[in-house]
Structure formats: C-alpha cells, structure tokens
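Open the model in a viewer and keep a selection tool at hand.

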Amino acid sequence: MRRRILAAAAGAALAISMAACSGEGAGGGGNTGDSKPGDLTIGVSMPTQTSERWIADGNSVKEKLEAKGYKVDLQYAGDDIPTQSQQVDQMITQGADALIIAAIDGTALSGQLQAAADAKIPVIAYDRLIRDSPNVNFYVSFDNYKVGVAQANALLVGLGLQNKDGSKGTATGPFNIELFAGSLDDNNAHFFFSGAMDTLKPFVDAGTLKVKSGQTKIEQIAILRWQQETAQRRMEDLLTSSYNDGSKVDGVLSPYDGISRGIITALQNAGYGSGAKKLPVVTGQDAEIASVKLINDGIQSSTIFKDTRLLAEQAAIAGEAFLQKKEPQANDTKTYNNGVKVVPSFLLPVQTVYKDDIKPVLVDSGYWTAEEVAAGQAKS
Ligand code: GAL
C-alpha cells in the first residue's frame with residue numbers, strides 16, 4: 001500500500017516537472033502573450049535580507065509588478081548559493097512565467113537557467129549580471145563602470161585633490177590610501193574596481209596617492225559576499241601590518257556602504273575620529289540608511305546613490321514586455337558580455353551623495369525621510 005502511494009506521488013511529481021519542462025503547465029510556455037496579468041506569476045529571487053538595499057529592491061519590484069496586476073513569488077536566499085539555486089528551481093517547477101534574479105554568485109545558476117529556457121521562461125538579471133549562460137534574456141542595472149569612477153572621484157574630492165566639478169583641488173598630498181573591492185563572484189565588483197582604478201592610477205603613478213599596504217590587486221582587496229565583518233577584519237589587519245609606525249590612513253576606497261561601516265568601525269576602534277586623529281575619507285555605495293546617517297554626522301564621506309525604485313520599475317517593465325511576448329527596450333547592447341553572449345541591458349545613471357546632497361537628493365525625492373536619516377534606521 002505504502003509503495004503504491006509513493007509510486008503515485010513520484011508519478012505526480014514527474015508529471016508536474018515534465019509539464020514545466022515542456023512548457024505545458026502554468027509556466028512560461030503556457031503563456032501565449034494574451035493571458036491576463038492575474039494568471040501570470042513572476043518569480044523574484046533576491047540575494048539577502050541583511051542589507052537594506054536588497055529589502056528595498058525586493059519590495060519595490062513586488063509592488064510595481066503587483067500594481068500591474070501580476071502575481072509575485074518573492075524569495076530571499078540568505079546569501080547562500082544552494083538556497084538560491086533551490087528557490088529558483090522551485091519557482092520553475094511551480095510554473096513561474098518569468099524570473100527576475102539578483103544572483104549571489106553570478107556563475108552558479110547555469111543549471112537553473114537551462115531549466116528555465118527549456119520551459120520557455122524568460123530570465124532578467126537584476127543589478128548583478130548572471131554569467132556563463134546563454135539563457136539570460138535581459139539585464140537591468142546601473143552603469144557600473146561609472147559607479148567606480150564616481151567612487152574614485154569622491155575619494156579625490158574628499159582629500160581635496162579634486163573639486164566636485166572635476167577641476168584640480170588645492171591639496172597636494174601625498175596621501176596614504178587603502179583599497180577595498182566587493183565579492184569576486186559578483187560581476188559588478190570588477191566593474192567598480194576598474195572604473196575606480198582607471199581614475200586613481202594617474203595619482204598613484206605620480207606618488208600623490210600611496211597604497212601603503214601595497215595591496216592593489218582585486219584578489220588582495222576583495223571582500224567575499226560584501227560582508228561588513230570581513231571588511232572590518234581586513235581594515236584591522238591593515239592598521240596592524242602597515243600603520244604601526246605612527247603613519248596615518250588618509251583615505252579608503254570602499255565599494256559599498258556595508259563595507260564602509262566595517263572599515264569605519266575598525267578605524268574608530270583604533271582611535272581615529274577622536275582627538276587629533278581625523279577619520280580618513282571613506283567612500284561608499286547604495287545610500288543605505290545607516291550610512292546616510294554617518295554621512296550626515298560627518299563620519300562617512302560619501303555614497304553613490306542608485307535609485308532602486310527606478311531599477312525595480314525597469315525590471316517590472318522588462319518583465320511585462322516578456323510576458324506580452326515582446327522584447328524589452330535596451331539602452332546598451334555592447335557592455336555586458338556574460339562570457340557567452342552580450343546581454344541586452346537597460347542601464348540607469350547614478351549620483352554621488354555628499355552631506356549637502358542628502359536633503360535635495362534623498363529626502364526631497366522621498367527615498368528616505370529626514371527622521372530616518374536622523375535615526376539611521378528605516379521605518380518599517
Ligand atoms: C552589488 C551591487 C551594489 C551593492 C553590492 C552589495 O552587486 O551592485 O550596489 O549592493 O552588491 O550588496
């Protein structure tokens with residue numbers, strides 16, 4: 001009896017997965033382009049909830065799609081690669097009609113993407129490019145090389161080597177700096193790094209900027225999973241190994257606000273920011289609320305604002321286009337080669353935020369309220 005039930009269950013499971021694979025179920029292949037939005041589901045796979053930005057991204061994408069009438073299956077993977085693979089697998093077998101994915105590891109989803117392609121489910125890579133797969137249909141992101149350029153420029157402005165308009169500043173240096181990069185398995189980390197290094201190189205070559213630790217290769221400075229604690233530990237190690245001779249760090253290139261907060265904590269624990277030992281210029285990215293407060297308080301120097309509301313809107317527009325069996329409109333068809341093909345992309349511009357920009361750029365646009373900035377916390 002038990003064996004018969006198990007066999008029946010296995011048969012049903014096989015039927016479901018075959019239906020998904022042949023596109024006969026509720027999945028992408030079942031949508032002929034004239035289905036009602038309410039009959040279509042979009043799977044949204046986000047990397048982690050430990051960062052404000054991904055929570056905001058997930059919520060915005062869900063809201064925008066639901067406003068268009070679609071059903072949304074939003075999942076977070078806790079920065080764990082097998083969890084994300086499993087969640088995407090499940091979205092496919094449960095008959096998602098389109099997928100929007102911000103990958104943890106940009107190279108780890110080829111199997112899932114093949115299954116999606118077999119079931120005719122379009123895949124949109126969200127902010128992070130999915131690599132090594134022909135089955136990425138579209139990419140929505142920001143101009144990630146320009147993010148790196150903007151971070152390097154913010155470091156130069158903070159040090160007084162450059163003015164905000166790009167003209168030469170009054171400071172002459174030389175300054176001691178240290179460099180941080182993001183997670184090596186995230187395509188964006190490489191774009192941020194090259195944009196920043198191309199901009200800083202002339203100053204390093206001229207001896208105006210000195211990377212005292214000598215660590216300038218991306219492999220030496222990368223922070224796995226963009227983790228704050230890992231960044232804090234690396235900064236502590238740098239202070240012990242390269243600054244125990246009385247010298248000071250003047251600037252730190254940081255690619256992401258979470259990393260910046262780890263760096264700042266290490267510096268403060270080592271006495272920076274009290275007495276005559278000024279905190280170095282520290283850059284960032286994402287305008288996370290905790291960092292916006294630090295910028296407001298004069299502790300972090302800048303961040304790069306990427307408006308996740310606009311990114312979510314573009315993802316929803318692209319998703320809807322695919323569901324209506326149309327091609328979404330790209331504004332870049334050259335930059336993002338994922339190792340197999342150039343993925344058509346929609347790239348949004350970014351904005352550098354210093355203290356003076358918090359009100360006009362972040363508060364007046366409704367991204368954060370003045371109260372949230374003062375508290376350093378998002379109101380849920
Ligand atoms: C990157 C993203 C950055 C930052 C980082 C850490 O992929 O482009 O804006 O969010 O991940 O989450």
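Begin by selecting strand 6 (residues 175-179), where 5 of the 5 residues are buried, so the strand is largely enclosed by the rest of the structure. Buried here means under 20% relative accessible area, with exposed meaning over 50% and partly exposed in between, for a 1.4 Å probe and protein chains only. Strands (E, at least two residues) and helices (H or I, at least four) are DSSP runs, numbered from the N terminus. This is a predicted model, in which local features need pLDDT of at least 70 and side-chain atom pairs count only at pLDDT 80 or more, while totals for chains, interfaces and linings use all residues. Residues are numbered from 1 along each chain as its sequence is written, and side-chain values use heavy atoms, with hydrogens and water left out.

Show the side chains of strand 6: Phe 175, Ile 177 and Leu 179 point one way, Asn 176 and Glu 178 point the other way, and all of them are buried.

Now widen the selection to the open sheet of 4 strands, which has the order 7-6-8-9 with parallel pairing; two strands pair if DSSP finds at least two bridges between them. Strand 7 (209-211) and strand 9 (281-282) stand at the edges, each with a single partner strand, so one side of each lacks a neighbour in the sheet.

Strand 6 runs parallel to strand 7 and is joined to it by 3 bridges, and Phe 175 can be found opposite Leu 209 in strand 7. Follow the chain from strand 6 through helix 6 to strand 7, and you trace a right-handed β-α-β crossover, right-handed being the case where, with the strands pointing away from the viewer, the path from the first strand over the helix to the second runs clockwise. Strand 6 is likewise joined to strand 8 by 3 bridges in a parallel run, with Ile 177 opposite Gly 251.

**A buried aspartate**

Which residues does Asp 257 touch, leaving aside those up to four places away in sequence? Select Asp 257, which lies in helix 9 and counts as buried because its relative accessibility is 0%. Its contacts (heavy atoms within 4.5 Å) are Gly 284, Gln 285, Asp 286, Ala 287, Glu 288, Ser 291, Gln 300 and Thr 303. The C-alpha atoms of Asp 257 and Thr 303 are separated by 7.1 Å, although the two residues are 46 residues apart along the chain.

Move to strand 1 (residues 41-46) and strand 2 (residues 71-76), which pair in the parallel sense over 6 bridges, and pick out Met 46 with its bridge partner Tyr 76 in strand 2. Together with helix 2, these strands make a right-handed β-α-β unit.

**Pockets and a cavity**

The remaining stops were found on a 1 Å grid over the protein atoms alone: a cavity is a set of points where a 1.4 Å probe fits but cannot get out, a pocket is an open set with protein on both sides within 12 Å along at least five of seven lines, and lining residues have an atom within 4 Å of a point. Grid points are joined across faces, edges and corners, and a volume is the space filled by probe spheres set on the points.

The largest pocket has a volume of about 460 Å³. Of its 21 lining residues, Ala 56, Tyr 367, Trp 368, Glu 372 and Ala 378 are the closest to its centre. Helix 2 (52-67) and helix 11 (308-323) are the elements that give two or more residues to this lining, and the largest share, 8 residues, comes from helix 2.

The second largest pocket has a volume of about 340 Å³, and the closest to its centre, of 25 lining residues, are Ser 51, Trp 54, Arg 225, Trp 226 and Tyr 256. Helix 2, helix 6 (187-205), helix 8 (228-242) and helix 9 (257-269) each supply at least two residues of that lining.

Finish at the largest cavity, which holds about 40 Å³ of space and whose lining includes Gln 151, Phe 180, Phe 192 and Leu 253. Helix 6 gives the largest share of this lining, 4 residues.
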